[in-house]
Amino acid sequence: MTAMIDAERLRKKYLRDGMLPTIFCNGCGHGAAFDYAFRAFEELGLDMDKVALASGIGCSSRIPGYINADGLHTAHGRALAFATGIKAANPDLTIVVFTGDGDCTGIGGNHFIHAARRNIDMTVILLNNFIYGMTGGQLAPTAPIGSISTTSPYGNIEQAFNICELAKALGAAYVARWPIFHPYQPIKSIKEGIQNKGFSLIELLSPCPTAYGRRNKLGEIDSLWKWYEDNTILIEDYEKAMDYGTEEEKEAVRGKFQVGVFQNVQKPGFFEEYDKLVQRIIAKEDERKGGAE
Amino acid sequence: MRYERDPARIRKVLGDKVQFVQGDMAAAYGGLLAGCSFFGGYPITPASEVAEGIARMLPRVKGTFIQMEDEIGSLAAVIGAAWGGAKAMTSTSGPGFSLMMENYGYAIMTETPCVIVNVQRTGPSTGQPTLGAQGDMMQVRWGTHGDVEAIALAPSTVQECLDLTIEAFNLSEKYRHPVCLMADGEIGHLREKLVIPDEDEMTLIERVPATIDKDKFLPFGNSQTRDNKVPDFPTFGTGYRTYVTGLTHNKKGFPATDKQRDHEELITRLVTKISDDREKLTNVERVELDDAETAFVTYGASARPTESAVATARKNGMKVGMLRLKTVWPFPRRTIEELSKKVNKIIVPEMNLGQIVHSVREYSCDGCEVTLAPKVGGEMHLPDELFGYLEARK
Ligand SMILES: Cc1ncc(C[n+]2csc(CCOP(=O)(O)OP(=O)(O)O)c2C)c(N)n1
Ligand code: SF4
C-alpha cells in the first residue's frame, strides 16, 4: 500500500464526520499534526472510545474537532487544567492535548508549568508557529527576536520561551521538538509520548504562512521549508558543535532550534502516585476499624 | 481506581450524626454526601476550610482532591472531571470567583454539571479578606459575558450549608448547569449544630446518561429520552465521541459561530431550561408574613439579625415579617410581586451597598416602597439597627 492510500484510509478511520473542511489556510502546518496523530494512534492500536482530547483556543486548538473521539475545546490557555480533571475522573482514558504556543505558553503558561511539574499522564502536542495565528498575527511569547507581528511592528525585542527546556526543567517525563515537515520523528514521538506514563510534551515547529511567514519574509511554501531546514539542528549536532567546534561553527548553530528528544524518563505519573496514597490511607483505615462494612 | 459512592465509607468519614461544626465544613460534608468525587480548589479566606475539609475526607472515600494552581485551573479541572464522569466541586471567595467567570460561562455553555461554593467576602479587589460580606450576588448572575441564567442558593445556617450543597449538586445534575452555593464569610465561619441526614433522609439526583443510538444522539439539544430541554449526558469514554465546545454550536456540538439561528436557538434553550422552572426552583422561607404591612426581603447571614428585628417589631405591635430567599437565582419574581401587593414597604438588608435590592425593586408593584438596608465593612447588621430602619420608615 502506498503512503498516500494509507493516509486516506487513516483519515477515513479517524476523522470526525461532518466537520470538514478545516479552518486551516493553505500551507498551514497544523493540518499535518492530525495526520501524524492518526498514524500514531493506528500504530499503537488505540481504542478511540477510550481517548479524550482537549484543547484551548487558537487555530491549532481546533484540531480535536476534526478527530473522531471525545474532545473538550475549552477556554484560551486552560486545556491542561481541564485535561487534568478528565484524567482524574477516569484514569483509564488516554489524554491527548492539542495546543498552540500562545495558548500553552502565553495565557496558559501557568497551567503548563503545573501540569508538567505534577507529571500528569497526558500527551501535549504543541504547535509552535511563533505567532498568534487565529487572531491575525499578534506577538507570541515564542517569537524570535526581531519578529514582525501586528503588535511588534518594529520588531520583537523580547526573549522567546524555550518551551522544551522549560518542560525539561520542570521534570516532564517526555520532551521532544521536531519540525512538522518530516513525518517520521513526530509520529514516533507522539507514540512514545502516549506510551510514557507521565507528562509528555511534543513541540512541533509548524509554519503559519498567513500571519507569520508573510510578514517575516519567510516566503511561500518552498522557501518556508528551507527556512525550517536552515534554522533547526539535531540536538547531537548542536552539542558536537558546541563541544568541539570552532568559534565560527559555534556561532553558526547558536541561534538554531535544537530538535530531537530532550528527555525520556519513566516515572510514575500523578494519578499513579495518588492511587498509592489512597490505597495506603484506606488500608490503614480498614485495618483500624475492621473494614467499611 | 474508580470512585463509586460508598455510603458506609462516607458515613464513617463524616463521623457522628450530630456535630458542632463550621459552615465551610458543612458544605464539604454536603459534597461528600452528594457523591462528589473530584474537588479542585485554591486556598482563599474565608473559603479555605471547605478545601481543607474535603482534602482530608475525599481520599478516604476514593475521591480525588487536587490543589490547583489558581481558581481558573480549579474550575477548569472541575469541568473536565465532570465530563470524565465525576460529580465535581470547587470552593472560593470573591477574588477567586472573579477569576472563575470565564470558565463559569464555559460550564453554562457546555451544560456541564458542577458545584461552586462561594464563601463571599467583599471587594472590590482583595477587600477585607477575613471578613464576610455578600459581594458576589450580582456577579453570579451577570459576571460572565453573554446571555445566561444562573442557579444560586444562599444558606443562612450551618445546616443549610450542608443541605443546600446537596441541593446544589441535585440541581446541577438535573439542569446540567453549574450551580453556586452563595454562602458568606459569616455563615462559612460560624459554628453551630449540624445534623447529618441519613441515607433515607436525603434525595440524590443523578445525571441522566446518554443511552440512545450513537448515530442518532444529539448531545446539545432537548433531551431525546425525556420531555425537557436538558440533553442526556454523554460521559467521555462511553463511546459517544462528543465534541464539546464553548463556541456557539449546533445540536451535534459542532461549531456554528456565524449562524444567527443556531445561536438564538442554543442560548434560548440554555436560559429557558432554567427560567421555565422558576416557580419550581423558588425556595423561600416566610416569617410572620400573613398580616404583615412591612416585609424584609433578605438571604444568607443577613436573615439572622433580620429575624430578631422582626421579633422585636412584633413585640412592639408592628406588623412586620420576613421573606428569606434560599434560592436567589433564578429570581423568585412571582413571589416578590405577590408580596409587594400585600405589603406597603419592603426593606432589603444586604451586606453590600445594594445588589439583590435591584431585583426586588424590579419585580415589586408600583405602590410598594422598596428600600435598602446596607451594611458593609465586614460586620453584620445588628437587630437594633434593622429595627431602627423600621422605625424610620413608619
Ligand atoms: C481569554 C481570551 N483572550 C484572548 C482570546 C483571543 N484569542 C483567540 S486565539 C488566540 C491566540 C492563539 O494563538 P496560538 O495558541 O499560538 O494558536 P494559533 O492560532 O497560532 O495556532 C487569542 C489571543 C480568547 N479567545 N480568549
Ligand atoms: S492563520 Fe496561520 S495558524 Fe491559523 S490556519 Fe492560517 S496559517 Fe494556520
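Residues are termed buried under 20% relative accessible area, exposed over 50%, and partly exposed in between. The legends below apply these terms to a predicted model.

**Figure 1. Glu192(B) and Arg304(B) are joined by a salt bridge.** The partners come from distant parts of the chain, 112 residues apart: Glu192(B) belongs to strand β8 (residues 191-195) of chain B, and Arg304(B) to helix α11 (residues 303-315) of chain B. Arg304(B) counts as partly exposed because its relative accessibility is 30%, a value that lies between the limits of 20% and 50%. Glu192(B), in turn, has a relative accessible area of 17% and is therefore buried.

**Figure 2. A salt bridge connects Lys326(B) with Glu160(B).** The N to O distance between the two side chains is 3.8 Å. Distant parts of the chain are again linked, with 166 residues separating Lys326(B), in the loop between β12 (320-325) and β13 (327-329) of chain B, from Glu160(B), in helix α7 (residues 158-175) of chain B. Glu160(B) has a relative accessible area of 10% and is therefore buried.

**Figure 3. Glu149(B) pairs with Arg141(B) in a salt bridge.** The closest N and O atoms of this pair lie 3.7 Å apart. Both Glu149(B) and Arg141(B) are buried.

**Figure 4. Salt bridges in chain A form a network.** Asp6(A), Arg9(A), Lys13(A), Arg39(A) and Glu42(A) are joined into one network by salt bridges that share partners. Over all chains, a search of the whole structure finds 46 salt bridges.

Note on methods:
Residues are numbered from 1 along each chain as its sequence is written. Chains are lettered from A and ligands numbered from 1 in the order in which they are written. This is a predicted model: local features need pLDDT of at least 70, side-chain atom pairs count only at pLDDT 80 or more; totals for chains, interfaces and linings use all residues. Side-chain values use heavy atoms; hydrogens and water are left out. A salt bridge is a side-chain nitrogen of Lys or Arg within 4 Å of a carboxyl oxygen of Asp or Glu. Buried means under 20% relative accessible area, exposed over 50%, partly exposed in between (1.4 Å probe, protein chains only). Helices (H or I, at least four residues) and strands (E, at least two) are DSSP runs, numbered from the N terminus.
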